[in-house]
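Let's walk through this fold sheet by sheet. Have a look at the model first, and then we'll trace how the strands line up.

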Amino acid sequence: MKLTWFDANSWLIDVAGKRVLVDPWLVGDLVFGGLTWLVRGFRPKSIDIPENIDLILLSQGLADHAHPETLKRLDKSIPVMASPDGAKLARDLGYQSVTALNHGDTEYVGDESDASRIKVQTFVGAPIGPMKKENAYVLTFYSTGARLYY
């Protein structure tokens with residue numbers, strides 16, 4: 001397993017030829033709701049967009065987890081699994097295969113015959129305000145038996 005941290009919440013997980021891009025912020029500034037005067041994160045240098053991505057995994061729909069400018073630059077044919085808010089954003093940006101994951105859901109990357117299949121389980125994640133909780137994930141990599149909590 002190779003984990004690459006791109007800063008903030010962004011990770012690339014590489015296991016047995018499967019590549020999962022998690023909460024990508026790779027290009028441009030980080031702004032919430034267009035309010036540059038309130039919060040603005042600067043990325044002094046863009047990070048090259050990784051190639052051969054098998055899945056984009058979004059834990060939230062907020063810009064520091066589902067960065068619109070980065071998502072606009074990624075290939076829209078890459079499957080996306082995301083919290084309901086993240087899934088809505090991905091659909092709005094034109095992604096072709098988007099799965100909204102609620103707490104307690106289980107989905108898979110790859111079919112049953114794929115030795116590098118990944119199981120994605122969703123749990124209650126970070127609270128966003130007093131009434132809303134986004135997603136946490138446990139990824140199980142069939143090729144190695146490794147499990148990763150995000």
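Two strands count as paired if DSSP finds at least two bridges between them. Helices (H or I, at least four residues) and strands (E, at least two) are DSSP runs, numbered from the N terminus. Keep in mind that this is a predicted model, where local features need pLDDT of at least 70, side-chain atom pairs count only at pLDDT 80 or more, and totals for chains, interfaces and linings use all residues. Residues are numbered from 1 along each chain as its sequence is written, and side-chain values use heavy atoms, with hydrogens and water left out.

Start with the open sheet of 6 strands, ordered 1-2-3-6-7-8 with mixed pairing. Strand 1 (2-7) and strand 8 (98-100) sit at its edges with a single partner strand each, so one side of each has no neighbour in the sheet. On average, neighbouring strands here are turned by 20 degrees against each other, direction ignored; axes are lines fitted to C-alpha atoms, for helices over the stretch in contact, and angles run from 0 to 180 degrees between N-to-C directions.

Zoom in on strand 7 (residues 80-82): 3 bridges tie it to strand 8, and the two run parallel. Met81 has Thr99 in strand 8 as its bridge partner. Helix 2 (residues 84-92) lies across strand 6 (55-58), strand 7 and strand 8, at about 160 degrees to strand 8; contact means heavy atoms within 4.5 Å.

Now for the other sheet. It is open too, with 4 strands in the order 9-10-11-12 and antiparallel pairing. Within it, 8 bridges join strand 10 (residues 118-127) to strand 11 (residues 133-141), and Phe123 stands opposite Ala136 in strand 11.
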